[in-house]
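Have the sequence and the 3D view open as you read.

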Amino acid sequence: MQSWNELKTRAQNGGFPHKNLLIGCDFDGTLAPFTLKPHQAKLPTEIRKLLERLARKKEIQVAVISGRALKDVEKKVGIKRLIYCGNHGLEIKIRDQVWIHSEATDLAEHIQTLSQKIRRWLPQFSGTELENKHLSLSLHYRRVRKKSAIKKLESFLKKEMSPYGDHLRVVHGKKLFDVRPKIAWDKGDAILHLIKQLGPSWKACFIGDDVTDEEAFHTLNQKALSIRVGPAKNTHAQFLIHNRGYVERFLKLLVQRYEK
Ligand SMILES: [Mg+2]
């Protein structure tokens with residue numbers, strides 16, 4: 001695993017392909033600061049400007065790949081010409097065409113039933129929030145402080161999930177439990193899918209901050225450059241950078257390089 005200095009050197013010295021780079025970025029915690037309530041998250045102006053400048057370049061494609069629903073992340077960012085991927089890459093919008101993973105569509109019915117069941121007992125856990133993203137659910141506990149309450153929440157969720165074990169799975173992310181369809185598909189697969197669409201000359205990098213992004217780093221392995229936004233003890237990513245400030249510095253480097 002390498003750090004910021006190596007990444008910077010690589011970006012400055014042409015370690016990236018000069019042509020055709022797909023930049024995949026997670027949203028919450030990577031581009032936008034993590035907020036106590038998910039709907040409050042906002043793309044910082046400086047990052048927006050950098051993404052807009054990158055999006056103008058023909059040899060660059062920027063994809064925002066989030067666990068949020070596609071419509072939600074598209075609205076949060078709102079820059080035309082970007083590629084948007086929602087539900088951890090299960091839904092992808094490229095040039096106004098929306099693609100949805102067919103197995104996820106098939107399992108959406110279970111997600112809806114489970115959502116209704118969870119809503120029945122969730123009010124007893126204050127500080128939680130259930131986000132129904134149609135293809136998956138996010139059970140947020142950003143405002144729950146007590147570890148015992150989080151443990152209890154987890155056990156309630158696991159019990160409710162047990163009839164769906166063959167179809168759905170729980171992923172423990174940053175202050176949330178994600179309920180997703182049991183499909184071998186993550187943000188990394190979404191990146192590989194996009195490269196196929198764009199053409200063989202395209203190379204990709206992916207930046208993410210969450211434990212759940214580790215699946216993508218693992219899937220991508222050597223097929224794309226991977227960057228984890230820290231802190232992390234272990235990562236499958238090739239580079240580990242300290243915080244979102246370095247994401248901004250990295251995007252700036254790319255702007256400088258591709259505007260030359
Ligand atoms: Mg994130």
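Leaving aside neighbours within four places in sequence, which residues is E91 in contact with?

## E91 and its surroundings

E91 is in contact with L70, C85, G86, V98, I100 and L135, once neighbours within four places in sequence are left aside. Contact here means that the C-beta atoms of two residues, placed from the backbone, lie within 7 Å. Before going on, a word on the source: this is a predicted model, where local features need pLDDT of at least 70, side-chain atom pairs count only at pLDDT 80 or more, and totals for chains, interfaces and linings use all residues. Residues are numbered from 1 along each chain as its sequence is written.

E91 sits in strand β4. Helices (H or I, at least four residues) and strands (E, at least two) are DSSP runs, numbered from the N terminus. E91 is buried, as 23 other C-beta atoms lie within 10 Å. The cut-offs go like this: a residue with 20 or more other C-beta atoms within 10 Å of its own is buried, one with 12 or fewer is exposed, and anything in between is partly exposed, with C-beta atoms placed from the backbone. Look across to G199 as well: E91 and G199 are 108 residues apart in sequence, and their C-alpha atoms are 20 Å apart in space.

## The nonpolar cores

A nonpolar core is a set of buried Ala, Val, Leu, Ile, Met, Phe, Trp, Tyr and Cys residues joined through C-beta atoms within 7 Å. The largest one has 49 residues, and A63 and V64 touch the most other members. Helix α8, residues 244-258, gives the most to this core, with five residues.

Click on V64 and you can pick out its partners: V64 touches C25, F27, L31, V73, V77, L82 and Y84, not counting residues up to four places away in sequence. There is also a second, separate core of 12 residues, including A104, I111, L137 and F177.

## Two helices against α8

Start with α1, residues 4-12. The axes of α1 and α8 are 10 Å apart and the two helices pack at an angle of about 15°. Axes are lines fitted to C-alpha atoms, for helices over the stretch in contact, and angles run from 0 to 180 degrees between N-to-C directions. That angle makes α1 roughly parallel to α8; the label covers angles under 35 degrees, with over 145 counting as roughly antiparallel, 65 to 115 as roughly perpendicular and the rest as oblique. On the α1 side, W4, L7, K8, A11 and Q12 make the contact, and on the α8 side Y246, F250, L253, L254 and R257 do. By class, this contact of α1 with α8 has seven nonpolar, one polar and two charged residues. For these classes, Ala, Val, Leu, Ile, Met, Phe, Trp, Tyr, Cys and Pro count as nonpolar, Asp, Glu, Lys and Arg as charged, and the others, Gly among them, as polar.

Now α2, residues 45-56: its axis and that of α8 come within 10 Å and cross at roughly 30°. That makes α2 roughly parallel to α8. Here E46, I47, L50, R53 and L54 of α2 meet E248, L251, K252, L254 and V255 of α8. The residues of the contact of α2 with α8 split into six nonpolar, no polar and four charged.

## Loops and exposed spots

Some backbone details deserve a look. The peptide bond from G230 to P231 is cis, with omega near 0°, and P231 lies in the loop between β11 (225-229) and β12 (239-241). K233 is in the loop between β11 and β12 too, and K233 is exposed, with 6 other C-beta atoms within 10 Å. K233 and D178 are 55 residues apart in sequence and 22 Å apart in space, C-alpha to C-alpha.

R95 is not a glycine, although it has a positive phi of about 45°. R95 lies in the loop between β4 (91-94) and β5 (97-100) and is exposed, with 7 other C-beta atoms within 10 Å. N221, not a glycine either, has a positive phi of about 45°; N221 lies in the loop between α7 (214-220) and β11.
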